[in-house]
Amino acid sequence: EQFAPLIDLDMQFVNQLQAKFSFSKSRQLSLSLIDYQMSETRSTEYVFGLGFRKRGVPLPFHWEVMGKNGLTNKLENDLTLRLDMSFRDDATTNSYLDQTAAIPVGGQQVIKISPSISYVINNRINIKLYFDEQRTIPKISSSPPVTTTRAGVQIRISLADVAAQPQKTK
């Protein structure tokens, strides 16, 4: 059974504020007829996100581009700030078919935080600064907690010209 997402709201308001909420739930059952044991894994996840887009943000240094008519245009483009957080809880239990007690055998809590800053230089180039940290806290003592951190700069270059779309003729 998987409801991913069960509830999903992704909104952008008139003032360029963005909000996101997502709720997912899943359950997986597996039956072993060799030892008459059933394994059940349950997972619940919450995702929260906030963002803000500011239009007309100039670059911090002077950069001008020649336009089609020979005049110089000053670049002022969109800046997007985002913060996403997610919380996931996984639990695995085993039980024998002739008993009512379930034995916990695994599980973890995963907390993830992802802030990012994205800047559109022009219709072909986008620069993004990002940071992702994920902490995994196990529910059983046989596995250690794990923290994964990623950060970097992402440059996206589009080879297709967005402004030069073919026009329909009558």
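View 1. The bridge partner of Leu 9 in E2 is Phe 21. Three aromatic pairs occur in the structure; rings of Phe, Tyr and Trp (its six-membered ring) pair if their centres lie within 6.5 Å, and planes under 30 degrees apart count as stacked, over 60 as edge-to-face and the rest as tilted. Phe 21 and Phe 48 form a tilted pair, 5.4 Å centre to centre with 40° between the planes. Because Phe 21 belongs to strand E2 and Phe 48 to strand E3 (residues 37-58), this pair ties together parts 27 residues apart in sequence.

View 2. Phe 48 is partly exposed, at 38% relative accessibility. The ring centres of Phe 48 and Phe 87 are 6.2 Å apart and the planes stand at 65°, so the pair is edge-to-face. Distant parts of the chain are linked by this pair, with Phe 48 in strand E3 and Phe 87 in strand E6 (residues 76-96), 39 residues apart. Phe 87 is partly exposed, with a relative accessible area of 30%. Ring pairs join Phe 21, Phe 48 and Phe 87 into a cluster.

**View 3. The hairpin of E1 and E2.** Strands E1 (residues 2-12) and E2 (residues 17-32) run antiparallel and are joined by eight bridges; strands pair if DSSP finds at least two bridges between them. Four residues lie between the strands of this hairpin, in which Gln 16 takes a positive phi near 70°. The protein chain has nine strands and zero helices, where strands (E, at least two residues) and helices (H or I, at least four) are DSSP runs numbered from the N terminus.

**View 4. The surroundings of Asp 132.** Asp 132, in strand E8 (residues 125-138), is buried, with a relative accessible area of 15%. Leaving aside residues up to four places away in sequence, Asp 132 touches Ile 113, Ser 114, Thr 148, Thr 149 and Arg 150, where contact means heavy atoms within 4.5 Å.

**Notes.** Residues are numbered from 1 along each chain as its sequence is written, and side-chain values use heavy atoms, without hydrogens and water. In this predicted model, local features need pLDDT of at least 70 and side-chain atom pairs count only at pLDDT 80 or more, whereas totals for chains, interfaces and linings use all residues.

Technical notes. Buried < 20%, exposed > 50% of the residue type's maximum accessible area, 1.4 Å probe, protein only.
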